[in-house]
Amino acid sequence: MAQQKPGEPRKLRTSVKGPLMFSAFWAVLAFVATLIFASGGSAKTPRFDLAFTAAGIAFIVILVVLAMLSMGHKPNDEHLGKGSGVNLSSRSSGHGGHPAQSRPDAGTPDADPHGSGDDVR
């Protein structure tokens with residue numbers, strides 16, 4: 001809020017117009033869906049009471065969820081995007097980021113003289 005200058009429009013994240021329009025859209029959708037499906041057909045009277053209730057609930061719940069998400073938003077620090085990760089080169093590392101280690105008994109002909117797959121020592 002300290003970066004807000006008078007006369008300039010607010011950013012989308014700090015503006016209230018976006019979340020209100022998003023909530024209103026889902027409220028209208030809930031109103032129409034409830035009005036159609038709660039009446040039980042076109043021969044019966046439409047249930048406006050249930051439709052207004054569903055629209056109000058949808059509007060409030062979505063608005064609260066969006067408010068909580070916007071309050072919990074925190075931009076990442078600048079140094080996190082610089083590429084200072086642990087594994088910068090995958091050529092010198094083994095599986096899981098550990099350096100590749102050679103096993104002394106792997107691949108030697110006298111490690112398994114019978115070829116049975118069991119290590120005889």
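Me: How many helices and strands are in the chain?
Reply: Happy to start with the overall picture of this predicted model. The chain has 121 residues, and buried ones make up 10% of them. As for secondary structure, the count is 2 helices and 0 strands.

Me: How far does H1 reach from its first C-alpha to its last?
Reply: Helix H1 covers residues 17–39, which gives 23 residues. At 1.5 Å a residue, the expected reach is 33 Å. The model comes close to that expectation, with a reach of 33 Å.

Me: Which residue follows H1, and what is its phi?
Reply: The helix runs up to Ser39, which still lies in H1. After H1 comes a residue with a positive phi. That residue is Gly40, with phi near 85°.

Me: Is Ser39 buried or exposed?
Reply: Let's look at its surroundings before the number. Leaving aside neighbours within four places in sequence, Ser39 is in contact with Thr34, Lys44, Thr45, Pro46 and Arg47. Its relative accessible area is 12%, and the cut-off for burial is under 20%, so Ser39 is buried.

Me: Which backbone oxygens does the side chain of Ser39 reach?
Reply: There are two to point out here. One lies at 3.4 Å and belongs to Leu35. The other, at 3.2 Å, belongs to Ile36.

Me: Which residues make up the largest nonpolar core?
Reply: As general background, nonpolar side chains in soluble globular proteins tend to be buried together. In this model the largest nonpolar core has 5 residues in all. H1 and H2 each supply at least two residues of this core, and the largest share, 3 residues, comes from H1. The members are Ala27, Phe31, Leu35, Ala51 and Ala55.

Me: Which helix is included in what covers the buried residues of H1?
Reply: The buried residues of H1 are Ser23, Ala27, Ala30, Phe31, Thr34, Leu35 and Ser39. Take Ala27: leaving aside neighbours within four places in sequence, Ala27 is in contact with Ala55, Ala58 and Phe59. The cover over the buried residues of H1 includes H2.

Me: How many residues apart in sequence are the parts tied together by the Phe31 and Phe52 pair?
Reply: The rings of Phe31 and Phe52 have centres 5.0 Å apart and planes at 55°, so this pair is tilted. Phe31 lies in H1 and Phe52 in H2 (residues 48–71), so the pair ties together parts whose separation in sequence is 21 residues.

Technical notes. Residues are numbered from 1 along each chain as its sequence is written. This is a predicted model: local features need pLDDT of at least 70, side-chain atom pairs count only at pLDDT 80 or more; totals for chains, interfaces and linings use all residues. Side-chain values use heavy atoms; hydrogens and water are left out. Helices (H or I, at least four residues) and strands (E, at least two) are DSSP runs, numbered from the N terminus. Buried means under 20% relative accessible area, exposed over 50%, partly exposed in between (1.4 Å probe, protein chains only). A polar contact is a pair of N or O atoms within 3.5 Å; within protein, one must be able to donate a hydrogen and the other to accept it, and residues adjacent in sequence count only if both atoms are side-chain atoms. Contact means heavy atoms within 4.5 Å. Rings of Phe, Tyr and Trp (its six-membered ring) pair if their centres lie within 6.5 Å; planes under 30 degrees apart count as stacked, over 60 as edge-to-face and the rest as tilted. The expected span of a helix is 1.5 Å times one less than its number of residues. A nonpolar core is a set of buried Ala, Val, Leu, Ile, Met, Phe, Trp, Tyr and Cys residues joined through side-chain atoms within 4.5 Å.
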